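Please consider the following protein structure. The account below leads through some of its side chains and their surroundings.

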Amino acid sequence: MQFSFSAQEDSFRQHVRSTLLRPDIAELIDVANGHQADPRPLYRALGEAGLLAVNWPIEFGGLGLGQIYAGIVIEEMGLANVPDTLHLLSVQVVGSILLASGTARQKKSLARRIASGQMFACVLFTEPETGTDLAAIRTTAKRMEDGSFRISGRKRYSLRAGFADYGLCLARTQDSATGHQGLTLFLLSLAEPGIAVHRLPSLADEPFHDVVLDDARATGECVIGDEGTAWGTMLAALAFERTGTDYMVRARRWLKEIATCAGAAAHLGAAEIGLASAELEAAQLMCWDILSRMDDGDCDETMNAMAKLYNSELAQRIGWLGSELCPPGRLGSHRMLDAAHREAPGLTISAGVSEAMLETIARSHLVRPEGGAST
C-alpha cells in the first residue's frame, strides 16, 4: 500500500483545486447548491475545464489519466461542495458502461458529449415492487419485427432524471430460470414518446423521479452490450462506485462541519469526533489503495465490497453524529448537517445494500492467516 501521492498527482490536485476556486466556477457552485437548483451549467463549465472524465481515453473526451486522478477529482469536487450525483451517474456509471460495452458508434456519438458536460444521463434500475432487487425487475422489452424494441414498465426513485437527456434502462428481454439472466441495458432518450418523467415528493435535497415507460420504442442501436447479458456489465461498471470514494468524501465534509458546530459549543463530542477522524483515515487509505490496484488492472469484487460497506456505514454514522452533537436549534444554522441527516439512511442502500456487500464478502471464502479457510 502506498501512503503518499506522486509529484505529478500532487500537481494535478493543485490544478483541480485552483480550477474549482476560479470566480466563475465558484459562483456556479454556489448557485448549484441552492434549493432545487439546476447543476447543469456548473457541469458544462467543469466539462470545458476537462475535469469530468479525466480517466477516459483522450479520443472520447478524457485526459487519458488513471483511476487515482479520477479519485482526486471526486475528492476535490466533494470538498468544494460540488453536488456530485449528476457526475456520479453520467460519468462514473453510465459513461463507464458505455466505454466498456458500447459500440464504436455509440462511443463516438455519446461519450464526448458526456465528458464535455453537454449531455447528462441517469439510471433507470429501481422499480416500485422490487426495490433494489434488480434480479426481480418487471420492466419488459419486446422485440418487434423490424428489430426495434417496445419497452413497458415503471422505474422509481431515479435520481436526477429530470435533468437527464438519456436514461440507462434495465429491462427483461428474455424469460430465464434465474432472474439475473435475460436482462438487457438500453440507453434511451428521455424525450422519446412513451416516456414520462415526474418528480417525487421527498425530504431529500436530491430530486428523485418516477419514470413511466409506456410502449416506448428503442432501436437496436439503443442496446448497450449484448442482449441478455446486462448483469455482468452492470457489476463491472459498479467497480468505481464501490471503491467508497464518494462516501468517504461526504464523511470528510460532514465531519469538518460537525467539528465546527460542536467546537462552538464548549467542544461537545470531542471523543466521538476523534474516533470518527481515525476511522476516516482508515477509509481514505482503503479508497486510495483500491484505486491504485484498479490502475494496475486488479479489480477485486470482494475488496470493493469491503470498501463500499465500510465507507457507506461510516458516512451514515457521521451523518447522524451531526444531529446528535448539534441539536435542532443549532443544526438549523448548519444546512449541510441538516441535509446529511436526511441523506444518511440511503447511503447503505445505494450502489448495493450493506447486506449484499456482506454476502459478497462471505462468498469469497476468505483465508485465515494460518491458512485455513474461514467458515
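A polar atom of the His209 side chain lies 3.4 Å from the backbone nitrogen of Ala161 in this predicted model. His209 belongs to strand S7, which spans residues 208–218. Its relative accessibility is 6%, so His209 counts as buried, the cut-off being under 20% relative accessible area. Beyond residues up to four places away in sequence, His209 touches Lys155, Arg156, Tyr157, Ser158, Arg160, Ala161, Gly162, Val197, His198, Arg199 and Leu200.

Aromatic pairs are the next topic. The whole structure contains 5 of them. One is formed by Tyr43 and Phe120 in an edge-to-face arrangement, with 6.4 Å centre to centre and 70° between the planes. This pair links distant parts of the chain, 77 residues apart: Tyr43 is in helix H3 (residues 40–48), whereas Phe120 is in the loop between helix H6 (104–115) and strand S1 (121–124). Tyr43 is buried, with a relative accessible area of 1%, and Phe120 is buried at 3%.

Phe149 and Phe186 also form an edge-to-face pair, at 5.1 Å centre to centre and 70° between the planes. Because Phe149 lies in strand S3 (residues 149–159) and Phe186 in strand S5 (residues 183–189), the pair ties together parts that are 37 residues apart in sequence. Both Phe149 and Phe186 are buried.

A ring also takes part in a contact with a charge: Arg13 lies over the face of Phe5, at 5.0 Å from the ring centre.

Helix H10 (residues 301–325) contains Leu314, which counts as buried at 1% relative accessibility. Apart from neighbours within four places in sequence, Leu314 is in contact with Glu279, Leu280 and Ala283. The C-alpha atoms of Leu314 and Tyr247 are separated by 8.2 Å, although these residues are 67 residues apart along the chain.

Terms used. Residues numbered from 1 in each chain as written. Predicted model: local features only at pLDDT ≥ 70, side-chain atom pairs only at ≥ 80, totals over all residues. Heavy atoms only, no water. Helix = DSSP H or I, 4+ residues; strand = E, 2+ residues; numbered from the N terminus. Buried < 20%, exposed > 50% of the residue type's maximum accessible area, 1.4 Å probe, protein only. Polar contact = N/O pair within 3.5 Å; in protein donor to acceptor, adjacent residues only side chain to side chain. Contact = heavy atoms within 4.5 Å. Phe/Tyr/Trp six-rings, centres within 6.5 Å; stacked < 30°, edge-to-face > 60°. Lys NZ or Arg CZ within 6 Å of the ring centre and 35° of its normal.
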